[in-house]
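Biologist: I am new to this structure. Please take me closely through one part of it, and then show me what else deserves a look.

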Amino acid sequence: MSQHTEHAPSDKATDLALATELLPTELCLLPLSERPFFPPQTLPILMNEEVWRDTVQQIADTPHKLAGLVLVKNAQPEGSSPSEFHEIGTVVRIHHPVIASGKIQFIAEGLQRFRIKEWLSQEPPYLVRVDYPHEPKYRNVEELKAYAIAIINTLKQLVPLNPLYSEELKFFLNRFNPNEPSPLTDFAASLTTATREELQEVLEAVHLRQRMQKVLVLIKKELEIAKLQAKIHSQVEEKLTEHQRKFFLREQLKAIQKELGIAKDDRTADLERFQERLAKLNIPEHAQSRISDEMDKLGILEPGSPEYAVTRNYLDVISQLPWGKYSQDKLNLNRARKVLSEEHAGLADIKERIIEFLAVGALKGEISGSIILLVGPPGVGKTSIGKAIANALGRQFYRFSVGGMRDEAEIKGHRRTYIGAMPGKLVQALKECGVSNPVIMLDEVDKIGASYQGDPASALLEVLDPEQNSHFLDHYLDIRYDLSKVLFVCTANQLDTIPRPLLDRMEILRLSGYIAEEKMEIAKNYLWPRQLERCGLQASQVQLADPALMRVIEGYAREAGVRNLDKQLGRIARKAVVKIVAKKDLKIRIAAKNIPDYLGIPWYSKEKAVNGVGVVNGLAWTALGGATLTLEAALIHSKNRGFKLTGSLGEVMKESAEIAYSYICSHLKEYRADTAFFDAAFVHLHVPEGATPKDGPSAGITMATALLSLARGEKIKRTLAMSGELTLTGQVLAVGGIREKIIAARRAGIFELLLPEAVRGEFEELPDHIRDGLTVHFVKHFREVARVVFGE
């Protein structure tokens, strides 16, 4: 290293270094990346040997062993260029440099600030020309003293909060006089956890008063952080101390109980608890033998073994089952009628079937286990009927959905060999109800799934068979349990997807949709009062007129059920609440004309029966209830013969159309149509709402009537609708969903119907309020259809 010219430092620098020491004007630089180095500090520094070995060696070869430590802007100091070094750093004396494991370590003793004036070397080892800034003389010494006292007082509060601060303070007092404000300020800054940028600002503040102001802010912030840390530590320590205290007290209590001979270990306590539970139960002999074996096994197993936990959990479940516990059925038919009427409106035929079912139980003295299947569109009250049955009988009610269930273990449980094994849903239901004869509802049985894990529908065969479920075997229990007293109520939207063997085990009760008048009664007596109660309203505050309610039903809630109607009434009630909250003591009366203000534009317009040549109204059944379909037949051209079908039709419906086309083509003369009409006619038959899939044979006579109307060139003069399957010989066969179809016709304002003669009995069983006002023609052959439609 070249010989440096030296000069005498300032008076302040002389205070920091030895009195006789001279500081060089040229220094080798070493970069710092995390935080700057302050003059009062003495710390070990660790650097990369490969990059800085030559620099450290050059510094060690100088007589004064001095170097400059400067913070760099780059997080990786090895690749720093001169432009990334800050202008002001600290001159330090290097002690005891050691090289090991690719690193250089030395002790840096801070002496004085310096400023870089000129770069003499652009590559490591970096050599720069420096000067040493002088702190100005201050006239207002009292102000500096006040700042110093403020810093000292803050340090006094800070040191007790962190033991590390006290060690650094002792080291500082060994080197400096605490009455010297400049080193005191730098020392206080070095204690903080401030950012590197904030600390560099302090280092660059040569003016002492400005530096003291910056440092005072930093240590005040550090004090607040330290207080918060101490508070958190105190809270955690307090919790731990309390936990340890309780632990020691519990251990002492165990020791005392053991000395007195009244202590029980976990195994003994478990055995006594299970024995106490089992003593209250009437357990069958075959189950008692198995339980005794498990109790004996638990008595010899070590509490820490895995097998102990498995056996304990098993006995915990089996001792909580209601062996031999049955609730007393309430078989008063008048009470049952009252409960059914209070909880559910309409569906008189369904209620009567339930009363018949209860009457048989009343005569026998008990209700034996039965399986009822409630089938109907969404929102017609299948689940509420199940609850009403349970309330009428005074039994516990448990509901779970099997829709989408793909694992038979959900029904029959997991074997105990599996980790986390659990009993099936049925055993859990009995455990929760606390009796062996609850009403268990299996919701959505038509949507049950199947997978590689098994077929839950097949598992239900044993559960829902009265001849088998008295010996139901759950895989987890591995003991047969009697389910014969359980009343099972299943719900479904349609029967097509329910396996036939499962369907054969159920008594089917069909819940059709509601007509507008029934919805009106349900809304007035049940839905609207319930919505007022939910919103905290009084009946006098919001009044909904009958015409307004009918407009909601016809314009916004035409579905078969009343779930959507309930939602719309809820919207009206909430909008009314907004108005009442805004204006106290407001009385609201909602008329029919006000409904769009609450619910917007009506979703449904008033249905009108379409009339024209080749246009006929049909009736259809869907999982959502009945619907009217307008079938349209049109002549496209007369160049060649053809027949086209559109409207998302299924295979069965396409076959019905082919049968209707063949029948009409072969009987044109009989029905007074042009016998040559179809010879060169390209006919298009369309069923509107093409995006909705349709299937089934019930549109046979409707399609044939549309084709005959087209061939005769004569439109149907009366507003009517029809449903029936047609054969190639003209026979009209029975179809299903008669109630739903009739309700759909009434909803559309059609009161004249053509139905197969074979469904006359089903029609006669319908309630009077559904049949009233209808003109129904029952037909056996298509000739009768043509006679009614065309007046022949």
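Modeller: Let us start with the second largest pocket. Four elements, β3 (26–32), β4 (42–48), α4 (163–175) and α5 (181–191), each supply at least two residues of its lining. Strand β4 gives the most, with seven residues. Keep in mind that this is a predicted model.

How many residues line the second largest pocket? The lining has 25 residues. Nearest the centre of the pocket lie Arg35, Phe37, Leu43, Pro44 and Ile45. By class, the lining divides into 15 nonpolar, five polar and five charged residues. The volume of this pocket is about 650 Å³.

Now turn to the cavities. Rolling a probe the size of a water molecule over the atoms shows where empty space is left. A search of the whole structure finds three cavities of 30 Å³ or more. The second largest cavity has a volume of about 50 Å³. Ten residues line this cavity, and the closest to its centre are Val375, Gly376, Pro377, Trp621 and Glu740. Its lining has five nonpolar, three polar and two charged residues.

Next, the surface. Leu228, Ile232, Val236 and Leu240 make a nonpolar patch of about 360 Å². One of these, leucine 240, lies in helix α7, residues 208–260.

Then come the charged pairs. The structure holds 35 salt bridges. Take lysine 297 and glutamate 294, whose side chains meet at 3.7 Å, N to O. These two residues are three apart in helix α9 (residues 285–300), so about one helical turn separates them. Their surroundings can be compared too. Lysine 297 is partly exposed at 28% relative accessibility, whereas glutamate 294 is buried at 4%. Both belong to a network of salt bridges that links Arg290, Glu294, Lys297, Glu307, Arg416 and Asp478.

Other pairs reach between separate parts of the chain. Aspartate 679 and arginine 641 form a salt bridge through their side chains, 3.8 Å from N to O. Aspartate 679 sits in the loop between α22 (651–666) and β21 (682–686), and arginine 641 in the loop between β19 (625–637) and β20 (642–646), so the pair ties together parts that are 38 residues apart in sequence. Arginine 641 has a relative accessible area of 43%, so this residue counts as partly exposed.

A further salt bridge joins glutamate 752 and arginine 718, with the closest N and O atoms 2.3 Å apart. Glutamate 752 lies in strand β25 (residues 752–756), while arginine 718 is in the loop between α23 (700–712) and β22 (721–722), so the pair ties together parts that are 34 residues apart in sequence. Glutamate 752 is buried, at 13% relative accessibility. Arginine 718 is partly exposed, at 36%.

Arginine 399 and methionine 441 are 42 residues apart in sequence, and their C-alpha atoms are 4.6 Å apart. Arginine 399 belongs to strand β10, residues 397–401. Its relative accessible area is 41%, so arginine 399 is partly exposed.

Last, the backbone. Most residues other than glycine have a negative phi, and most peptide bonds are trans. Where is a cis peptide bond found here? A cis bond joins proline 124 and proline 125, with omega about -5 degrees. Proline 125 is placed in the loop between β7 (103–119) and β8 (127–131).

Histidine 96 is not a glycine, yet its phi is positive, about 50 degrees. Histidine 96 lies in strand β6, residues 88–100, and is exposed, with a relative accessible area of 65%. Serine 101 is not a glycine either, and its phi is about 55 degrees. Serine 101 is in the loop between β6 and β7. At 78% relative accessibility, serine 101 counts as exposed.

How values were computed:
Residues are numbered from 1 along each chain as its sequence is written. This is a predicted model: local features need pLDDT of at least 70, side-chain atom pairs count only at pLDDT 80 or more; totals for chains, interfaces and linings use all residues. Side-chain values use heavy atoms; hydrogens and water are left out. Patches are made of residues with over 30% relative accessible area and no salt bridge: like charges are joined within 9 Å, nonpolar side chains (Val, Leu, Ile, Met, Phe, Trp, Tyr) within 5 Å. Accessible areas come from the Shrake-Rupley method with a 1.4 Å probe; for residues, only the protein chains shown count as cover. A salt bridge is a side-chain nitrogen of Lys or Arg within 4 Å of a carboxyl oxygen of Asp or Glu. On a 1 Å grid over the protein atoms alone, a cavity is a set of points where a 1.4 Å probe fits but cannot get out, and a pocket is an open set with protein on both sides within 12 Å along at least five of seven lines; lining residues have an atom within 4 Å of a point. Grid points are joined across faces, edges and corners, and a volume is the space filled by probe spheres set on the points. Ala, Val, Leu, Ile, Met, Phe, Trp, Tyr, Cys and Pro count as nonpolar, Asp, Glu, Lys and Arg as charged, and the others, Gly among them, as polar. Buried means under 20% relative accessible area, exposed over 50%, partly exposed in between (1.4 Å probe, protein chains only).
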